[in-house]
Amino acid sequence: MYKLMRYLRHYKKETVIGPLFKLLESSFELIVPLVMARIIDVGIKNNDLTYILKLGVLLVILGVLGLSCSLTAQYFAAKAATGFGTELRHDLFAHIQSFSYSEIDKAGSATLVTRITSDINQAQAGVNLVIRLFLRSPFIVVGALVMAFAINVKLALIFCVTVPVLSLVIYGIMAATIPLYRKVQKSLDEVLLATRENLTGIRVIRAFCMQQKEKEEFEEKSNAFLALQILVGKISALMNPVTYIIVNAATIAIVWGGGLQVNEGAITQGEVIALVNYMTQILLALVALANLIVTFTKAMASGIRINEVFDLKPSMVSGEKKEMKKEEVILEMSGVDFAYQGHKEAALSDLNVVVKKGETIGIIGGTGSGKTTFVNLIPRFYDASKGRVKVNGVDVKDYDLGTLRGKIGIVPQKAVLFRGTIRENLLMGNAYATEEDMIQALKNAQAYEIVMNKSAGMDTMVSEGGKNLSGGQKQRLTIARALVRKPEILILDDSASALDYATDAKLRQAIAQNTENMTVFIVSQRVASIMQADKIIVLDDGKIAGMGTHAELIQGCEIYREICHSQLSKEEVAYETK
């Protein structure tokens, strides 16, 4: 939690003023028992109504002053805590955005969501209470002790025994609950992961009638989370009753000893009442401190989890080169190997590829052959484990990531659209695109009719994840989003799988005719989608099994020939090789 205190640097004034006003409130509170003692010992004893009224007015003034100080302290504490949470959330989000795919794969999206929401809220609540109560409660305890010694030394010894015992109880409960709160937050991660997977895959779950199994698994994780919460709740719940028992026992001792002292004339009745009030103030201060400790314990556990994300450093560092010169060879891979983090086996091995500007490259291979991994190395979503990947003659590691990816249009395997209008989704590809640019991109992507047939046109709302659109419509709109950028390199990662053959052919024809000098990478399972490419790369188990034109590969690559025979008739294969 200490590492996160830097987020209070812009709220130094609030973190000082808040506790100061709480100390002022505490000072007024400590005066009240003395005033009450004077009312009893002087006003009531002498039946002096005027004196009682005067001190009564003083009590009201002390109460108003204490309330004003409390409200002021609450305001500044809330302002500092809210600012702390906001800055922390912004920085954590920016840090997560700097992660490469490797770090996101390692951490998991569900736990990252928990840490940027629930954990930061816990830390914010802890900061709020610390500013308000961290100094106030000890000040009340110490102040009450001093006042007790000023009244009567013998009876004040009871305070000296009570306070250390209470401190030991509080420390013991705190030591027991901190590790448990960490487990609670980790268990919450699992519940959120299960919830996220269920909501994302609800259609698949219903299609395979797996609702009951998913309910049982969710209940199991929820019950484990509940059991941990109950356990830590039971331990935390001991705080109030144990402290009340100790303080009430001390109060009984004060009243008993005070009664004996009053009979001896060593202390007045008002002073006994003042000592009881001071013990009550200690009780309330320690109860508040107990609540602070419970909240702060949760905040500490959450702070550790937040720091774990900050400690996860991006393995990919952006380069400094912000200019991209146009070269004849747009992509060069030499001796490239790649293995996913935590996996010993390489996903790609010994890749040597040269792609010239304006070429269309088809990439084909069996499932798991490394097609998507291959194209993910171009925009540097992953770094090669060995070898070099060059774009326009410069290693991708030397480019500023924004510069590199700004020249590349990517259509991923899974068509992802965001909640908003079609226009807003297209502008994600190019924020400065004109109406004509967007219309041309829609036409090239064979999506223009889809948009124009809707009553609101490009202002048609897209639901979360594009659920109000068909698979083919989503794919065409994501292609249009990539094309509106007018990229130098266009990557279509199996992005026409939901399109019929005729639409797929029109799409490829439009891209070829209406994009000047654009280098296109087409990843596909369909031979028909890539057979007209200038060069076809055949991948098998992460290695290049063949590279060349369709006709060359039919003659010289057995794997490609098998793929063609599985999808095309003998007559079509023979015709295409002529």
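**Strand pairing, a helix crossing and salt bridges**

Good morning. Lys-390 stands opposite Asp-395 in strand 5. Strand 4, residues 386-391, pairs with strand 5 in the antiparallel sense over 2 bridges; two strands pair if DSSP finds at least two bridges between them. Helices (H or I, at least four residues) and strands (E, at least two) are DSSP runs, numbered from the N terminus.

The model is predicted: local features need pLDDT of at least 70, side-chain atom pairs count only at pLDDT 80 or more, and totals for chains, interfaces and linings use all residues. Residues are numbered from 1 along each chain as its sequence is written, and side-chain values use heavy atoms, leaving out hydrogens and water.

The open sheet contains 4 strands in the order 2-1-4-5, with antiparallel pairing. Strand 2 (348-356) and strand 5 (394-395) are at the edges with a single partner strand each, so one side of each has no neighbour in the sheet.

Next, the salt bridges. A salt bridge is a side-chain nitrogen of Lys or Arg within 4 Å of a carboxyl oxygen of Asp or Glu. By this rule there are 15 salt bridges. Which residue forms a salt bridge with Asp-459? The partner is Arg-423, with the closest N and O atoms 3.1 Å apart. Asp-459 lies in the loop between helix 15 (448-452) and strand 8 (461-462) and Arg-423 in helix 13 (residues 422-427), so the pair ties together parts 36 residues apart in sequence. Asp-459 is partly exposed at 43% relative accessibility, and Arg-423 is partly exposed at 22%. Here buried means under 20% relative accessible area, exposed over 50%, and partly exposed in between (1.4 Å probe, protein chains only).
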